[in-house]
Amino acid sequence: MHRAAYAALGLNDWQYDAIEVDAAGLPDFVMGLGPEWAGLSVTMPGKAAAAAIATVRSARVDAIGVANTLVPSDAGWIAENTDVDGVIGALRAAGVTGADRALLIGGGGSALAAIAALAEMGVSQVVVAGRREQSTEAALALAALLGVRATHAFMDVESIARQVPGVDIVVGTVPAGAADHLARILAPVPVLFDAIYHPWPTRLAAAGNADRITVTGLDMLLHQAFRQVELMTGESAPRSAMRDALRSAAGVELPLPLGIAG
């Protein structure tokens, strides 16, 4: 997607390549980069290290504690978390303008980005059904920090069924298959964001009513990349070109709505 963006923007001498650096080695690597570098995309397990080494951190990075984007500036390296932009952009492009109560399945790193996104979109309540106590507690603490009323639920069918009435959106951040047993009970919820994109459709997605809005992990990946490209280049992301590149790489024909830039 980044390479397609550079080509569309006429940045023919720009490169975007994968470099393997572990979390412990990331600080030395970043500090050794020259002025020709326009930015870095950071994946796990380096996201916490990226936030820690930055001179400037966005408010959401301060809250979440992880960053997936580093951009150089006169003040030093700026840390941002465009995963949050990915969730917001994907939901808005699909037609979701607002929600009040959310059910979050999972409590890991993707769940934290989702909570930050939901808070920015005005969600006031979230039920966290995490699989592990530590990650669930982190999700609940972040929600409280961001002013979202949060409660915990277990991931069994009976517990989730009690939460479904009044839920506007379900956000799934667990690995493929981990929430399959909840597919039928969650089918009536009007919006599903499922962070998985392979294999697709998941059982959660396939069980939904015909009029349900369904957003995929590829939608999130696309929209977070829009923001990364804009941060690194200073130009508006060429959205159509980037979507075409993602579809080609993933071998899918999902709608991947683009939304409106700006």
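Helices H5, residues 82-93, and H6, residues 109-120, have axes that come within 8 Å and cross at roughly 55 degrees. This is a predicted model, where local features need pLDDT of at least 70, side-chain atom pairs count only at pLDDT 80 or more, and totals for chains, interfaces and linings use all residues. Residues are numbered from 1 along each chain as its sequence is written, and side-chain values use heavy atoms, with hydrogens and water left out.

Helices here are DSSP runs (H or I, at least four residues), numbered from the N terminus. Axes are lines fitted to C-alpha atoms over the stretch in contact, with angles from 0 to 180 degrees between N-to-C directions. H5 and H6 are therefore oblique to each other; angles under 35 degrees count as roughly parallel, over 145 as roughly antiparallel, 65 to 115 as roughly perpendicular, and the rest as oblique.

Which residues in H5 meet H6? Asp83, Val84, Val87 and Ile88 do, and in H6 they meet Ala113, Ala114, Ala116, Ala117 and Glu120. Contact means heavy atoms within 4.5 Å.

Next, H11 and H12. Helix H11 covers residues 217-233 and helix H12 residues 239-250; their axes come within 11 Å and cross at roughly 135 degrees. That makes H11 oblique to H12. Among the H11 residues in this contact are Leu218, Phe226 and Val229, while the H12 side includes Met242 and Leu246.

Last, the side chains of Phe29 and Trp37. Relative accessible area is 24% for Phe29, which is partly exposed, and Trp37 is also partly exposed, at 28%. Buried means under 20%, exposed over 50%, and partly exposed in between, with a 1.4 Å probe and protein chains only.

Definitions and conventions: Helices (H or I, at least four residues) and strands (E, at least two) are DSSP runs, numbered from the N terminus.
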